[in-house]
Amino acid sequence: MRENGENKARSPHWITPVMLTIAVAALYFAKVILLPLALAVLLSFVLSPLVVRLERLRIGRLASVILVAAVTITAIAGVGWLATNQIFELSKDLPAYKNNLIAKIRSVRATTSGTFEEAQEAIQDIGEELSKGNDKPSEKSNAKIEGLFFPWLNTESAVKVVEMPPSPLSQLQTWLGPLVAPLSTSGLVFVLVIFILIKREDLRNRMIHLLGTSRLHATTQAIDDATRRLSRYLQMQLLINVIYGTVVAIGLAVVGVPNAMLWGVFGTSLRFLPYVGPWIAAAMPITLSLAVSHGWMMPIEVIALFVVMELIVNNVLEPWLYSSTSGVSSFGVIVAAMFWTWLWGPVGLVLAMPLTVCLVVVGKYVPQLSFVAVLFGDRSTLEPHEQLYQSLLSSHEFEATQLAEQYLESESLSKFYEEVLIPALHLAERDRHADLLNERQTSAVAQSVRDLVDDLTPAPRAEEGEKAKGRVRVLCAPARDWADEVVAMILDQLLRDEGLSVELSSCRLSTSEIVHHALEDRFDIVVVAILPPLGSRAAKYVCKGLRVRQSSQHIVAALMDGASMEKTQQMLKQSGANDVATNLSDTLAAVRRAANLRAAATLPAMS
């Protein structure tokens with residue numbers, strides 16, 4: 001049993017690509033079976049909430065399913081009947097619009113005829129020049145030669161083909177032939193929908209058993225997540241498309257475009273196609289407005305209607321009604337549309353988004369399909385501090401600044417430093433001490449970080465805070481190297497913004513020079529900036545040197561992300577630190593408390 005477990009754990013890497021290839025081939029060759037099944041499953045996601053609500057009203061499962069299916073079929077048939085009548089009316093009126101459309105085409109051609117005619121003549125001249133010397137004997141000369149050498153071949157005789165009138169049965173087959181396949185597929189889809197709605201719990205349990213009961217929690221969570229996300233997406237998309245089609249129909253009717261209801265139905269239906277659907281739906285009424293109107297005002301109004309509707313839907317309705325995103329990035333939508341269209345044709349384009357949502361959700365729980373969630377998911381694969389470090393490594397200062405500005409739109413500067421910049425410094429220090437960064441890369445990252453901190457320096461505030469705390473002087477000293485100095489720069493910047501009198505030391509100074517500078521200039525508070533893994537030993541010597549020579553100075557050891565470093569915290573306290581803070585916010589709070597105490601102590605002495 002142990003050997004079997006090890007063999008399963010160490011499965012070859014080529015198994016996943018081979019299984020994916022087999023799956024794609026099966027999807028392609030079995031599309032006749034899988035297409036109706038996929039449509040039925042997606043339609044059941046839309047209708048399932050209605051069935052559940054009816055069941056809660058003490059209506060039986062079978063009666064609820066039949067009632068919902070009957071209402072759905074009636075609604076679709078009614079809309080189809082209205083659209084068909086509109087199409088017949090449009091076909092009758094089209095000949096009346098022909099002359100108007102031809103006149104518009106001629107007017108457009110008249111304004112651009114000179115340029116296009118010259119280009120066309122030039123192309124014809126070039127073609128004639130290229131064709132000289134390559135002339136082939138004409139059909140008439142070939143006929144003369146054949147008549148001279150083969151007189152029994154009469155090339156001028158005509159063959160008459162007499163067509164028999166089609167029988168009524170063949171006419172019926174001609175009319176109904178193209179409708180048989182869609183009608184049979186639709187009937188099969190609705191039969192499958194009824195069975196899926198009736199046996200939905202049983203089908204879910206069978207799916208869980210098929211995926212394996214060893215990971216029952218993960219499998220159940222994946223199915224529930226996919227069901228919830230996909231059901232809400234399809235319901236909201238249907239609601240948005242119906243609103244879109246209704247407004248389009250009303251707007252076109254107000255403008256005066258004939259058969260406005262037909263274009264509203266097309267707008268609702270074609271908007272299920274990602275990206276291209278709305279503009280395909282817009283092209284038809286725009287063309288009809290050109291044919292109907294005698295001027296250009298109606299086409300302009302129709303174009304404006306569709307543009308305004310797209311702006312409202314994309315920027316207002318969808319963000320409002322989609323409480324949670326579908327989980328698929330815009331790149332994933334485009335790739336999925338191309339893949340499923342290639343695989344299953346136009347119907348695949350309709351199913352592209354829902355199927356990709358399912359694959360992205362499954363990829364979060366199935367390790368073998370995790371690449372799908374990474375490639376097509378809408379969540380970033382890198383955390384903000386990892387993105388910042390990657391930008392600094394690539395020397396993309398503009399990208400790093402842009403990331404910081406985007407973060408600062410919703411968060412404070414201190415939170416950006418604490419949650420993004422300082423963790424990025426940790427990554428840089430880790431790689432530097434592991435000899436993964438050379439001197440040039442280290443220098444480039446250090447300079448980029450310093451420039452970023454300088455760029456984010458807030459504007460000077462009013463000097464109200466200096467009246468209360470201006471007598472308290474603070475020294476921010478790095479413990480060891482450039483990373484500690486960046487932390488000291490951050491502390492210097494944030495403490496200055498609070499109205500304190502702050503001075504920044506340099507990492508080029510030795511431990512004894514920092515101690516001498518702090519004592520010589522009589523600073524009230526000394527903040528020692530430490531970014532692990534190194535720097536704690538140098539900070540210990542700074543604390544000892546200050547405490548031995550002057551015990552009245554308040555020392556704050558800023559051990560960034562050092563909550564788990566209990567021994568280091570104890571060592572710093574034993575070396576003379578009054579406060580040991582393990583993050584940026586605690587450091588600022590410790591300095592603030594010490595400054596308030598110092599300021600309060602000096603006020604009676606001054607009075």
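1. Salt bridges. A search of the whole structure turns up 11 salt bridges, each one a side-chain nitrogen of Lys or Arg within 4 Å of a carboxyl oxygen of Asp or Glu. Bear in mind that this is a predicted model, where local features need pLDDT of at least 70, side-chain atom pairs count only at pLDDT 80 or more, and totals for chains, interfaces and linings use all residues. Residues are numbered from 1 along each chain as its sequence is written, and side-chain values use heavy atoms, with hydrogens and water left out.

2. E55 and its partners. E55 and R61 pair up through their side chains at 2.2 Å, N to O. A network of salt bridges links E55, R61 and R200. E55 is partly exposed at 23% relative accessible area, and R61 is partly exposed at 24% (buried is under 20%, exposed over 50%, partly exposed in between, with a 1.4 Å probe and protein chains only).

3. Two bridges between elements. E485 meets R450 at 2.9 Å, N to O. E485 sits in helix α20 (482-497) and R450 in helix α18, so this pair ties together parts 35 residues apart in sequence. E485 is buried, at 9%. Then there's E503 with R473, at 4.0 Å, N to O; E503 is in strand β2 (501-504) and R473 in strand β1 (473-478), so parts 30 residues apart in sequence are tied together. Helices (H or I, at least four residues) and strands (E, at least two) are DSSP runs, numbered from the N terminus.

4. A negative patch. Have a look at the surface around E397, E405, E409, D451, D454 and D455, which gather in a patch of negative charge. Patch members have over 30% relative accessible area and no salt bridge, with like charges joined within 9 Å. Helix α18 (439-455) gives the most, 3 residues. E409 comes from the loop between α16 and α17 and is exposed at 70%.

5. A buried glutamine. Q553, in the loop between α22 (536-549) and β4 (554-559), is buried at 2% relative accessibility. Its side chain reaches the backbone oxygen of F523 at 2.7 Å, and a polar atom of that Q553 side chain lies 3.2 Å from the backbone oxygen of A518.

6. Positive phi. Most residues other than glycine have a negative phi. N259 has a positive phi of about 55°, in the loop between α8 and α9, and is buried at 10%. D435, with phi near 60°, is in the loop between α17 and α18 and is exposed at 69%.

Key: Patch = residues over 30% accessible without salt bridge, like charges linked within 9 Å, V, L, I, M, F, W, Y side chains within 5 Å. Areas by Shrake-Rupley, 256 points an atom, 1.4 Å probe, with all protein chains shown as cover. Lys, Arg positive; Asp, Glu negative; His and termini not counted. Charge placed at Lys NZ, Arg CZ, Asp CG, Glu CD. Polar contact = N/O pair within 3.5 Å; in protein donor to acceptor, adjacent residues only side chain to side chain.
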